[in-house]
Amino acid sequence: MIEPRIDDLLSHTASASEPPSRYALVIMAAKRARQINNYHHQLGEGMGLEDAPPPLVESRSKNYLTMAMEEISKGKLSFSYTQSGT
């Protein structure tokens, strides 16, 4: 079985006016995985944590995307929809 489950992950992308979105989940997880990757690469350089905060959960995995999915599953990240004016 794959953990975290897709149903649990999708519940963190839904809002009152929008249904759960796989697209939103993919974007959120990919962006966070890039931040975790940047954090690990900046450790030795002494750069700030503004652009690359450390992982928010303890994970047995070394895969950054898995870490991001675990953060989403545990509710450490949130997604909000914005309206764009056209």
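Visitor: Leaving aside neighbours within four places in sequence, which residues is arginine 32 in contact with?

Guide: Arginine 32 is in contact with Pro53, Pro54, Pro55, Leu56, Ala68, Glu71 and Leu77. Contact means heavy atoms within 4.5 Å. This is a predicted model, in which local features need pLDDT of at least 70 and side-chain atom pairs count only at pLDDT 80 or more, while totals for chains, interfaces and linings use all residues. Residues are numbered from 1 along each chain as its sequence is written, and side-chain values use heavy atoms, with hydrogens and water left out.

Visitor: Why is arginine 32 called buried?

Guide: Buried means under 20% relative accessible area, exposed over 50%, and partly exposed in between, with a 1.4 Å probe and protein chains only. Arginine 32 has 4% relative accessibility, so it counts as buried. Its place is in helix α2.

Visitor: What makes threonine 13 buried or exposed?

Guide: Its relative accessibility is 0%, therefore threonine 13 counts as buried. Threonine 13 is in the loop between α1 and α2. Threonine 13 and isoleucine 72 are 59 residues apart in sequence, and their C-alpha atoms are 9.1 Å apart in space.

Visitor: How many helices and strands are there in the protein?

Guide: There are three helices and zero strands, and the pattern along the sequence is α-α-α. Both kinds of element are DSSP runs numbered from the N terminus: helices are H or I, at least four residues, and strands are E, at least two.

Visitor: Which residues make up the largest nonpolar core?

Guide: They are Leu9, Leu10, Leu25, Met28, Ala29, Ile72 and Leu77. The elements giving two or more residues to this core are α1 (6-11) and α2 (22-42), and the largest share, three residues, comes from α2. The term covers buried Ala, Val, Leu, Ile, Met, Phe, Trp, Tyr and Cys residues joined through side-chain atoms within 4.5 Å. In soluble globular proteins, nonpolar side chains tend to be buried together.

Visitor: Which contacts does leucine 10 have, leaving aside neighbours within four places in sequence?

Guide: Leucine 10 is in contact with Pro20, Ser21, Arg22 and Leu25.

Visitor: How much of the protein counts as buried?

Guide: Of its 86 residues, 27% count as buried.

Visitor: What share of contacts between residues at least 6 apart in sequence join residues at least 24 apart?

Guide: The share is 48%.
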